[in-house]
Amino acid sequence: MSKSKSNGKPVVGVDLGGTKILAAVVNKEGKLLSRAKKSTKADKDPDQVLDRICLVIREAVEEADLTINDIAAIGAGSPGPLDPETGIIIVAPNLGWKNVDLKGKLEGEFKLPTFIDNDVNVGTLGEHRLGAGKGVANLIGIFVGTGIGGGIIIDNKLYTGFNKTAGEVGHIILQPKDGPKCGCGNIGCMEALASRTAIDRMIREQLDNGKKSVITSLLKDKNARIKSGVLRDAMEHDDKVVSKALKKATYYLGVGVAGLINLLSPEMIILGGGVVEAMPDFFTSEVEKVAVKHSFPNASKNVRFVPARLGDDAGVLGAAVMAQMKM
Ligand SMILES: [Zn+2]
């Protein structure tokens, strides 16, 4: 479908996550006209989750005072790995999905052209078109949360590669010999060294070794996962344990980014995700320091390190942008 066929109609962007489903109606200028949200209920079977996605889409359209006939296309970002051509989610551990035909379901339900891609690729596209990376032709987005995901924009296009799997920056191996085990099965991936999960582990190791930290008083339940806001509060208390863990995490992020800078020569590194959003200045400046130190000076010259700007909207906006580009 050519761009003119949309007749300037808005599109729906969907952000499918393990805990919540977000949908938004977005006009051709990239403005959000409405938002809707539901819990995913990932413990239910895929058909029920698919029905919930359809429900959220209908709610977003209704919220914008429109009907499905007013919509040009649907774009959805989903955890993967997935096949953007067929729109089949190959495996999504957070959803308990295997070979789920997300594109087929949405097309069957709404009779609209539908486009699916990896959630982090879509988030990077959102930041590139409407957020921190607006007008920047070559950039890398890195999102730090439970895991670490990334997206690569080369010459204004999302780079997906031969097997459409590019952008897995979280699984760059930085400590192959004696590093921590990663969820992917490898040893010493960036994700195992610098994600919020890794930071959590590094803090608990220090506590187990008898180190004192305000974390113990900030956590209501000592076994609860350490949220980004708690990490920020601890940093504001000048906590040595948390600071040490975060310095380690930003060191590994920076070393990984140095390699990416040498490899791809981006103009901008966008850092996002919950942990970064809680401490944007700390993360961007620490990662920049390390990355600049470990990359070629002529490659890192004038490269900007910036926090993501779209927050929770990156997914829906990016998915909408993807639909607008592909239809
Ligand atoms: Zn890995």
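Me: In this predicted model, which handedness does the crossing of α7 past α8 have?
Reply: In the predicted model, helix α7 covers residues 228-236 and helix α8 covers residues 240-264. Their axes come within 8 Å of each other and cross at roughly 115°. The crossing in which α7 passes α8 is left-handed.

Me: Which residues of α7 and α8 make the contact?
Reply: The two helix axes come within 8 Å. On the α7 side, the contact is formed by Leu-231, Ala-234 and Met-235. On the α8 side, the contributing residues are Val-242, Ser-243 and Leu-246.

Me: How many nonpolar, polar and charged residues does the contact of α7 with α8 have?
Reply: Leu-231, Ala-234 and Met-235 of α7 meet Val-242, Ser-243 and Leu-246 of α8. By class, the contact has five nonpolar residues, one polar residue and no charged residues.

Me: Which type of peptide bond joins Gly-80 and Pro-81?
Reply: In general, most peptide bonds are trans. Pro-81 is located in the loop between β4 (74-78) and β5 (82-83). The bond joining Gly-80 to Pro-81 has an omega of about 10° and is cis.

Me: Is Asp-65 buried or exposed?
Reply: Asp-65 sits in the loop between α1 (46-63) and β4. Its phi is positive, about 55°, although Asp-65 is not a glycine. A residue is called exposed when its relative accessible area is over 50%. Because its relative accessibility is 72%, Asp-65 counts as exposed.

Me: What is the phi of Lys-164?
Reply: Most residues other than glycine have a negative phi. Lys-164 belongs to the loop between β11 (157-158) and α4 (190-194), and Lys-164 is partly exposed, with a relative accessible area of 33%. Although Lys-164 is not a glycine, its phi is positive, at about 60°.

Me: Why does Pro-46 count as partly exposed?
Reply: Pro-46 lies in helix α1. Pro-46 counts as partly exposed because its relative accessibility is 28%.

Me: Which residues does Pro-46 touch, not counting those up to four places away in sequence?
Reply: Pro-46 and Asp-101 are 55 residues apart in sequence, and their C-alpha atoms are 9.8 Å apart in space. Contact requires heavy atoms within 4.5 Å. With residues up to four places away in sequence left out, Pro-46 touches Trp-97 and Val-100.

Notes: Residues numbered from 1 in each chain as written. Predicted model: local features only at pLDDT ≥ 70, side-chain atom pairs only at ≥ 80, totals over all residues. Heavy atoms only, no water. Axes fitted to C-alpha atoms, helices over the stretch in contact; angles between N-to-C directions. Helix = DSSP H or I, 4+ residues; strand = E, 2+ residues; numbered from the N terminus. Left-handed = near helix turned anticlockwise from the far one by under 90°. Nonpolar A, V, L, I, M, F, W, Y, C, P; charged D, E, K, R; others polar. Buried < 20%, exposed > 50% of the residue type's maximum accessible area, 1.4 Å probe, protein only.
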